Amino acid sequence: MNARQAYAAEQRRRRIRLSFLLLITFLLSTLFLFAGRYPKAGFTFPSNLADPMVNTILLQIRLPRILLALLAGAMLSASGFTFQMLFSNPLVEPGFLGVSQGSAFGAALMIVLGTASSVLVQVSATVFGLGALLASYLLAQRFRFGGALLRLVLSGIAVSAIFSSALGVVKLVAEPTKDLQDITFWMMGGLWNASWNQILSILSVVAACLVILFCYRWKLNLLSLQEKTSFSVGLNPKRDRVLLLVVATIGTTLTISITGLIGWVGLITPHLGRKLFGSDSSYSFPGSMILGSLFLLVCDTIGRTLLPTEIPIGLLTSFLGAIIFIVILSLKHQEGKA
Amino acid sequence: MKKSSLLLLVLLLPALLFAQAAAESSMLNSDYYMATDANNRTLKLEKKPSHLLIAGKAGNMPANALFLFEEVQSMDLTLPKTDQGLGDFFAFIRPDLDQKPRISQTASAEEIASRNSDLVLMKATHFESTAKKLDQLGIPNYTMNLESYEDWKAELSELGKLLKNTSRAQQLIQLYETRVKFITDRVASLKPQDKKTVLLLQAERSDAAYAYKIAPDSWMQTWMVETVGAIPVWKGANKAANGWSTVSFEQIAAWNPDLVILLSYKDASDIYLKAVQTSELWSLLDAFKQGNVKASPHDMMNYIQPVASWVLGLQWLAKEAYPALFADVDMEYEVQRFYQEFYNIHDRAKLEVLLDLYRTSVASNTL
């Protein structure tokens, strides 16, 4: 088999894997639609469909929640993948550059100010998330230390710390019986409040962000190279980086403005994607998106079915994410030894 | 010589007896201002506190207990924010409190010290963060728990000792006991199959989205449902011992309770009832079909929480769960009687304000 045939065979294998992942996601989504707490904890059987309550729960509660898990998982993973490639750093996630902390501060501020509007919470989270990104970028321009990427990393750490302490101040003055609990629950994340209205409120922008990132995925490999190299192959690295960062940030902040902070999805699933599909982002990017959807779907289904009360999804993604992370690193280590 | 010695003895004897009596009286007085707080510390005050400060979050709970004693009328008070969102009951009954700036709920020990109070009251949860520091500064402080019926009885008794008014403390305890016994005596005859299943849900909203939460098993809300002879369907479900946990509508439907009570401590509960009344999902619940989804009662504080008026919440719950059994209970009369007996409010205008708030809070239950 010559190199071209080997490459074609590898591409075919990747397409098959991608199709298989899509199929698994579809099958699990369908299966999980019938998993819940009503009429009893476990699966809803066809014999239960005569109950009008079951139909309403399936269509008004479980279906929008599953779709939100798929959408949010895809967006967080796509953002994580983009950040990791742009910064050539596998430990980067959407929370990088202060985006998550900025969004959390924005949302907490609105909760404490007593707004009853979730739209305002969404807008505030998005504005402060973008503000954090801008602040990190501008700060990096002023730093006189290291290369461009290192400066951005350092400014991101500083901006994150500033928004973390600002969030601490907001929590300090929050009403303990209500606002503080809301902030805590929001920060833990969750899809318990998913509704058709919520999905529709972010669908157009998040879908647009996903489409843009998907269309630009081939550039990610080139942008992960040194600036001179990517410039030499006809890219405008500065412009493309800013564009992709802004798109990934908007998608992330909008998503977390309704789901709350959900950690690990954007960190772990790009790693899994690259593990399964290689470093070529043409396949590993969509692969990561599907894995993100799948990961969040599984975590959310556990969170809503295991106990009578909701388990905050952030706890589950952190727990499962950390286990997967350890496994990936252990496998890499063993491969290295071999 | 003998005569003079005898005369001296006769003269000294009354003086000695007087000194002994004075010492005994002093000790008795000293004991009167001595009480044990929720953290098992014994506080000994030489004089009755006249400048009192309530520190920390949830300050409305110690304030609730304190205001049950008439001594509070002559005290110079510094309070934290005590309005949960439905009105400030303490400023309502003592309007001069509005003239004085409130102390921050997160005030430091130094800030509290700068107010020069004779005594600082706070929730027992602030023991580590505030009470210990105040001890280091030598500022008398006293913690209260007030999270259960037993806490209320024990801590009112201790507060009575601290304020040198044990008779009022005993009177208050008896008032609570009489009301609780009235309910427990009547529901004692209920057969297990006749017991209603009840679900208390704390409702929260954000725009058009609503969240419903259940209380931990150990909280007073769960005890209240059990005390009225009903079955709290959520018991055992909330694994978070220290707070409310969100439940999905699916789980509510799976529990399928006979009676659902919607609570809110920040908003009027009927807001949530109105949302439920227009919900396609909720209309499928049996409790909804039978008109048994209710907004919880409140005036300036919700009755279904560990504040002094919890006993009104208990009476209201009993009547809602078993209307036939408590047909003779007139809640408006009970609300009025509660404020007369517990808070010594006899001003008709003030009673009418509180009654109006109560009526409004439950008005949508009968629509």
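User: How many residues does the contact take from chain B and from chain A?

Analyst: This is a predicted model: local features need pLDDT of at least 70, side-chain atom pairs count only at pLDDT 80 or more, and totals for chains, interfaces and linings use all residues. Residues are numbered from 1 along each chain as its sequence is written, with chains lettered from A and ligands numbered from 1 in the order written. Two residues are in contact if their C-beta atoms, placed from the backbone, lie within 7 Å. The contact takes 30 residues from chain B and 31 residues from chain A.

User: Which element gives the most to the side of chain B that touches chain A?

Analyst: Helices (H or I, at least four residues) and strands (E, at least two) are DSSP runs, numbered from the N terminus. Elements giving two or more residues to this side are S7 (197–206), S8 (209–214), S10 (245–247) and H9 (249–255) of chain B. The most, 5 residues, come from H9(B).

User: In what order do the 4 strands of the open sheet in chain B stand?

Analyst: Two strands pair if DSSP finds at least two bridges between them. The pairing here is parallel. Strands S4 (76–78) and S6 (141–144) of chain B are the edges, each pairing on one side only. The order is S4-S3-S5-S6.

User: Which residue in S4(B) stands opposite Leu53(B)?

Analyst: Strand S3 (residues 51–55) of chain B runs parallel to S4(B), and 3 bridges join them. Opposite Leu53(B) stands Thr78(B).
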